[in-house]
Amino acid sequence: MQARIAVIGATGAVGREVLQVLADRDIPPGQVTALASDRSLGTEISYGEDDVLPVSRLEDFTFQSGDVAIFAGSAQVASLHAPRAAAAGGWAIDVSDAFRMEVGVPLVVPEVNGDVLASPPKKRIIASPSTGAVLLALTLKPLHVKAGVLRATVTTFEPVGEAGRAAMDELFHQTRAIFVNQQVEKQEFTKQIAFNVIPHVGSFETDGSTRAEASLQRELRKILDPDLKISATAVRVPVFLGHAQAVHVDLGMALSAEAARAAFKTMPGITVIDHRTDEGYATPVECASAGCARMAAPTPPSPIGWWRTICAKAPPPMPCKSLSG
Ligand SMILES: NC(=O)c1ccc[n+]([C@@H]2O[C@H](COP(=O)([O-])OP(=O)(O)OC[C@H]3O[C@@H](n4cnc5c(N)ncnc54)[C@H](OP(=O)(O)O)[C@@H]3O)[C@@H](O)[C@H]2O)c1
C-alpha cells in the first residue's frame, strides 16, 4: 500500500509549494491529505492543474503507521503534532526550526548529507534547514570537498515570502499605501519594509547577532562540518520571492576559479551563470531554479567569492523512499 502523505500547513506559502511538488511528481490526490487550522476548515485547495483537496483540521487528524507527515507550519504546530505522527509509526518531516538542532533529529539537505538517512532516525522526525542554510550548504559542499572551507562570510538577502503570507501582504499594502499617500502600517516587520531594507531577521541573540545569522552557523555545522566558521549578515529586502547570498570563503588550500567553477557544476541544483556582461548573472526575479552566479575569483590565495540566488519556493524534496521501518 502507498504511504499516505499529510501536508500540515497546506494553505500556507510553503504548504502550497509542497502540494505543487507532490502533484508534479504524480502523487495521486487520493494519497494526499491537506491539513491546516480551524480557520481553513471547510475550504478547498488546488492540487496540480485539475484537482482540489478538502482542507481538514490538524487537531482532528489521526496519524497512522507509515504515514509521511510534511509539517509546513509554525514551530509551535510542529512541536505539538510531529511527535504525535512519529508515535503513531509515521515519519514527520518538518520545515520549521522546531527540531533543527535537536540531537537525534537529522538536518538534511539531500544533495549534501542525504546519506545520514541510510539509518533511519529512531525519533522518526527529520528536519529541513532554513532556506539560507540549504542555499549555502549546496554551494559550500563542493568547495569543502575540494579545498576545505575554513570560513564563509555571507550576506543574505531574504525575501518577505520567507516570513509567510502575512509578510507578503504587508509589503504589498505598504507599497500601495506609499503610492497613494496613505499611512504605512507595520505588523509583521519592526520597520517599514516597502522601499527599505531591514538588517533584522528573527529575534536578537545575546551576542547581538540575529537568529537568522546565528542559525546559519549552527545549521551549517550540523549539516556540513562541526568546525566550520560562518560570519553572517541577514538582511530582509522588499522582494516577494527569491533568496540571494553574497559569499566569500577562506579555503584550506588554493583553488583556481576554473577549479571552483568545475566543483560547483558537480553539484545538483547549481547552475553557474557567470558571463560577466550586462544581464549575464541571475537575480531573484528570474531564478526559477537555483543559480550560482557572478563568481569573483582573484588570484589565489585571495578568497573566492560569489553571488548565489535561489527561488524561495518549496523546500528540497526529501528522499522519503529511502525510509523504511
Ligand atoms: N516561506 C518560506 O520561504 C519558508 C522557507 C523555509 C521554511 N519556512 C518555514 O515554513 C513554515 C511555514 O511557513 P509559511 O511561510 O508557509 O507560513 P504561512 O504562509 O504563514 O502558513 C502557515 C500555515 O500553517 C497553518 N497553521 C497555522 N496555525 C495552525 C494550527 N494551529 N494548526 C494547523 N495548521 C496551522 C496555516 O493554516 P491556516 O491557513 O488555517 O491559518 C497555514 O497553512 C514556517 O515554520 C517557516 O519558518 C518558510
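Is the crossing of H4 and H7 left-handed or right-handed? Keep that in mind while you set up the view, and remember that this is a predicted model.

Start by selecting residues 131-147, which make up helix H4, and residues 257-265, which make up helix H7. Two packed helices are described by the angle between their axes and the distance between the axes. Here the angle is about 125 degrees, and the axes lie 8 Å apart. H4 and H7 are therefore oblique to each other. As for the opening question, H4 and H7 make a right-handed crossing.

Now show the side chains where they touch. On H4, pick Thr139, Pro142, Leu143 and Lys146; on H7, pick Ala259, Ala260, Ala263 and Phe264. Colour them by class and you'll get 6 nonpolar, 1 polar and 1 charged residues in this contact.

Most residues other than glycine have a negative phi. The next two stops go the other way.

Select Arg124, in the loop that runs between helix H3 (110-113) and strand S7 (125-127). Arg124 isn't a glycine, yet its phi is positive, at about 60 degrees. Is Arg124 buried or exposed? Arg124 counts as buried because 21 other C-beta atoms lie within 10 Å, and the cut-off for that is 20 or more.

Last, jump to Asn181, in the loop between helix H5 (165-179) and helix H6 (211-223). Asn181 also has a positive phi, near 60 degrees, without being a glycine.

Terms used
Residues numbered from 1 in each chain as written. Predicted model: local features only at pLDDT ≥ 70, side-chain atom pairs only at ≥ 80, totals over all residues. Helix = DSSP H or I, 4+ residues; strand = E, 2+ residues; numbered from the N terminus. Buried ≥ 20, exposed ≤ 12 C-beta atoms within 10 Å, placed from the backbone. Axes fitted to C-alpha atoms, helices over the stretch in contact; angles between N-to-C directions. Parallel < 35°, antiparallel > 145°, perpendicular 65-115°, else oblique. Left-handed = near helix turned anticlockwise from the far one by under 90°. Contact = placed C-beta atoms within 7 Å. Nonpolar A, V, L, I, M, F, W, Y, C, P; charged D, E, K, R; others polar.
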